[in-house]
Amino acid sequence: MNDVFILGIESSCDETSVSIVKNGEEEIATVVLSQMDTHASYGGVVPEIASRMHVENITMVIEECLTKASMTMEDITAIAVTYGPGLIGSLLVGVTAASTLAYIYQKPLVPVHHIAGHIYANNLERKMEFPLIALVVSGGHTDLIYMKENYSFEKIGGTLDDAVGEAYDKVARVASIPYPGGPLVDKLSQQGKDTYKLPTPLDDDSYNFSFSGLKSAVINLVHNEEQRGNEVSKEDLACSFQTRVVDILSKKTMRAIDQYQVHNLIVAGGVAANSGIRSKLKELCDQSGVNLTVPSLKYCTDNATMIAAAGYFAYTMGRRAGYDLKAKATDPLH
Ligand code: KG4
Ligand code: ZN
């Protein structure tokens, strides 16, 4: 079979990214233009600013990626794009760019779900083996997914309220830890101790998660200590919070592995960069003979490499979109 070169486009949040990936596993070139510095002064992503910046940058990022790869559009087999879920205005920019390119160059257009992209970031590390359990942890998702085979996604549990990344970011904000909170809470956690009494989040027989109670407990603790004039140790608070999160995520993930009798675990999404999650799952997987794959740090947060990798599998399975592909702010993974 001829080599398949997918040009992936990702613009679902605050990264404008384009990448070319060969056969779903080999990164040829990637450009990621992050808007993080712009949004940092607002303490979070401002959707209107994000979509305007995507509009300003998308053409340049596409051209830069092709130049970096020393390729032209003629060398590209198909174009894959994140159609959702995400910020609608941001998604629209990527979808419009992708469908326009596909039309002009008469290339197949392949729709990719953002979370499928996060999952297939793992295929850039090593060939994914099935069946597997995927723990998806990002700013918008906390899901346990059973994959019997390539591109088959069965959600077995998910968060009932806040996504884990969202909880990290809110905890950071209340503890006056600057945006983006997640990575900094993780860093502080490594310097602290688990000293604060925080509740264990939803420890039941389901594969669902709930982080709002834990998040509220942190908020109450900070406010109470402030009222008493006591200083809160950010390091210890971060460590106590992270310990609760990591314990429950790893406990339910390992139970899913056991029940579904799989030997492969992958972790996906921005929070897959978390040091606590990575080390705890490594320890537990080593103990039980499970193959653990985590994406390298550059593939954890939003990027188009993962979209092009997932796009390859969607393409080979015949998934196609028309030039009228619609962006979707919400959409279940199927
Ligand atoms: O996947 P992603 O880039 O965007 C979404 O699709 O949501 O994930 C971003 C989320 C943010 O909430 C960020 O704070 C969190 O991932 N994050 C982390 C870490 N690195 C990024 N959370 C905890 N520990 C980290 N090291
Ligand atoms: Zn993401």
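**View 1. Helix H8 lies across strand E6 (132–137), E7, E8 and E9 of a predicted model.** The direction of H8 makes about 160 degrees with that of E6; axes are lines fitted to C-alpha atoms, for helices over the stretch in contact, and angles run from 0 to 180 degrees between N-to-C directions. Contact means heavy atoms within 4.5 Å. Helices (H or I, at least four residues) and strands (E, at least two) are DSSP runs, numbered from the N terminus. This is a predicted model, in which local features need pLDDT of at least 70 and side-chain atom pairs count only at pLDDT 80 or more, whereas totals for chains, interfaces and linings use all residues. Residues are numbered from 1 along each chain as its sequence is written, chains are lettered from A and ligands numbered from 1 in the order in which they are written, and side-chain values use heavy atoms, with hydrogens and water left out.

**View 2. An open sheet is formed by five strands in the order E8-E7-E6-E9-E10.** The pairing is mixed; two strands pair if DSSP finds at least two bridges between them. Strand E8 (154–158) and strand E10 (291–293) are the edge strands, each pairing on one side only. From one strand to the next, the twist averages 20 degrees. Strand E7 (residues 142–147) pairs with E8 in the antiparallel sense over four bridges, and Tyr146 stands opposite Glu154 in E8.

**View 3. Helix H8 (residues 234–259) packs against H9 at an angle of about 35 degrees.** The axes of H8 and H9 are 9 Å apart. Their crossing is right-handed, a term for the near helix being turned clockwise from the far one by less than a right angle; left-handed is anticlockwise. Residues making the contact include Val246, Leu249 and Thr253 of H8 and Ile277, Leu281 and Leu284 of H9.

**View 4. Val271 is found in the loop between strand E9 (264–268) and helix H9 (275–288).** Val271 counts as buried because its relative accessibility is 11%; buried means under 20% relative accessible area, exposed over 50%, partly exposed in between (1.4 Å probe, protein chains only). Residues up to four places away in sequence not counted, Val271 touches Val137, Ser138, Val164, Gly165, Tyr168 and Ile277.

**View 5. A second open sheet has five strands in the order E3-E2-E1-E4-E5, with mixed pairing.** Strand E3 (26–34) and E5 stand at the edges with a single partner strand each, so one side of each is left without a neighbour in the sheet. E4 and E5 pair in the parallel sense over five bridges, and Thr82 stands opposite Val112 in E5. H3 packs on this sheet, touching E1, E4 and E5, and its direction makes about 155 degrees with that of E4.

**View 6. Helix H3 (residues 88–105) has 18 residues.** From first C-alpha to last, H3 reaches 26 Å, close to the 26 Å expected at 1.5 Å a residue, the expected span being 1.5 Å times one less than the number of residues. Among the buried residues of H3 are Leu91, Val95 and Leu101. Their cover includes helix H2 (47–69) and strand E5 (109–113). Just after H3, Gln106 takes a positive phi of about 50 degrees.

**View 7. The zinc ion (ligand 2) has His114 (NE2), His118 (NE2) and Asp302 (OD) as its protein donors.** His118 in helix H4 (residues 114–120) and Asp302 in the loop between helix H10 (297–300) and helix H11 (304–316) are 184 residues apart. His118 is buried, at 2% relative accessible area, and Asp302 counts as buried at 16%.

Methods
Donors = N, O, S within 2.8 Å, 3.2 Å for Na, K, Ca; no water.
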